[in-house]
Amino acid sequence: MADSNGLRVAVAAQHAAEFIGMPEAAHILAHCTVYLATAPKSNRTTVAIGKAMDDVKNGRTLPVPKHLRDGHYKGAKQFGHGEGYKYSHDYEGGYVPQSYLPEGEGRIYYMPSDNGMEARVRERLEYWRKQFEESKKG
């Protein structure tokens with residue numbers, strides 16, 4: 001996440017090396033190696049996935065809130081499924097403050113670092129969390 005272009009560079013290098021072949025592919029692989037070696041680093045997604053998997057493994061799962069449950073099948077309405085769901089693409093910036101976890105559950109797995117592009121992700125998440133908290137006040 002600190003430099004998500006790294007994945008694009010790695011995949012492009014793999015495709016180019018496969019297409020061009022050796023010995024010229026050595027230059028492509030060297031280019032990729034230097035790019036990845038010097039790119040900003042973060043293991044925050046790895047840590048987040050580990051925490052989430054640990055929760056699942058240990059039975060610390062949560063029910064899906066009713067407004068996020070599928071409301072398109074016959075009988076869904078009687079269970080309240082889909083009621084009150086807000087489609088984020090209908091809102092400015094593609095974000096709408098709504099809960100994606102049961103009330104009172106504020107689990108946060110992914111905590112972005114200040115490295116590279118991840119700092120922008122952190123700022124965006126902080127902005128959305130602030131909007132969410134303000135929406136709960138009234």
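Me: Is Leu101 buried, partly exposed or exposed, and at what relative accessibility?

Reply: Buried means under 20% relative accessible area, exposed means over 50%, and partly exposed is in between, with a 1.4 Å probe and protein chains only. At 27% relative accessibility, Leu101 counts as partly exposed. This is a predicted model, in which local features need pLDDT of at least 70, side-chain atom pairs count only at pLDDT 80 or more, and totals for chains, interfaces and linings use all residues. Residues are numbered from 1 along each chain as its sequence is written, and side-chain values use heavy atoms, with hydrogens and water left out.

Me: Where is Leu101 found, and which residues is Leu101 in contact with?

Reply: Helices are DSSP runs (H or I, at least four residues), as are strands (E, at least two), numbered from the N terminus. Leu101 is in the loop between α4 and α5. Contact means heavy atoms within 4.5 Å. Leaving aside neighbours within four places in sequence, Leu101 is in contact with Leu62, Pro65, Gly106 and Arg107.

Me: What about Arg107: where is Arg107 found, and what does Arg107 touch?

Reply: Arg107 is found in the loop between α4 (76-79) and α5 (118-137). Not counting residues up to four places away in sequence, Arg107 touches Asp55, Arg60, Leu62 and Leu101. At 27% relative accessibility, Arg107 counts as partly exposed. Arg107 and Ala52 are 55 residues apart in sequence, and their C-alpha atoms are 9.5 Å apart in space.

Me: How is a pocket defined, and which residues lie nearest the centre of the largest pocket?

Reply: On a 1 Å grid over the protein atoms alone, a pocket is an open set of points where a 1.4 Å probe fits, with protein on both sides within 12 Å along at least five of seven lines; lining residues have an atom within 4 Å of a point. The largest pocket is lined by 22 residues, and Leu101, Arg107, Ile108, Arg129 and Phe132 lie nearest its centre. Its space is about 660 Å³, where volume is the space filled by probe spheres set on grid points joined across faces, edges and corners.

Me: How do the residues of that lining divide by type?

Reply: Ala, Val, Leu, Ile, Met, Phe, Trp, Tyr, Cys and Pro count as nonpolar, Asp, Glu, Lys and Arg as charged, and the others, Gly among them, as polar. The lining of the largest pocket divides into 11 nonpolar, 5 polar and 6 charged residues.

Me: At what angle do the axes of α1 and α2 cross?

Reply: Two packed helices are described by the angle between their axes and the distance between the axes. Axes are lines fitted to C-alpha atoms, for helices over the stretch in contact, and angles run from 0 to 180 degrees between N-to-C directions. The axes of α1 (residues 5-20) and α2 (residues 25-38) cross at roughly 170° and come within 9 Å. That makes α1 roughly antiparallel to α2, a term for angles over 145 degrees. The contact includes Val9 and Ala13 of α1 and Ile28 and Leu29 of α2. Its residues divide into 12 nonpolar, 2 polar and no charged.

Me: Which residues does a cis peptide bond join?

Reply: The cis peptide bond joins Met22 and Pro23, with omega about 10°. Pro23 is in the loop between α1 and α2.

Note on methods. Angles under 35 degrees count as roughly parallel, over 145 as roughly antiparallel, 65 to 115 as roughly perpendicular and the rest as oblique.
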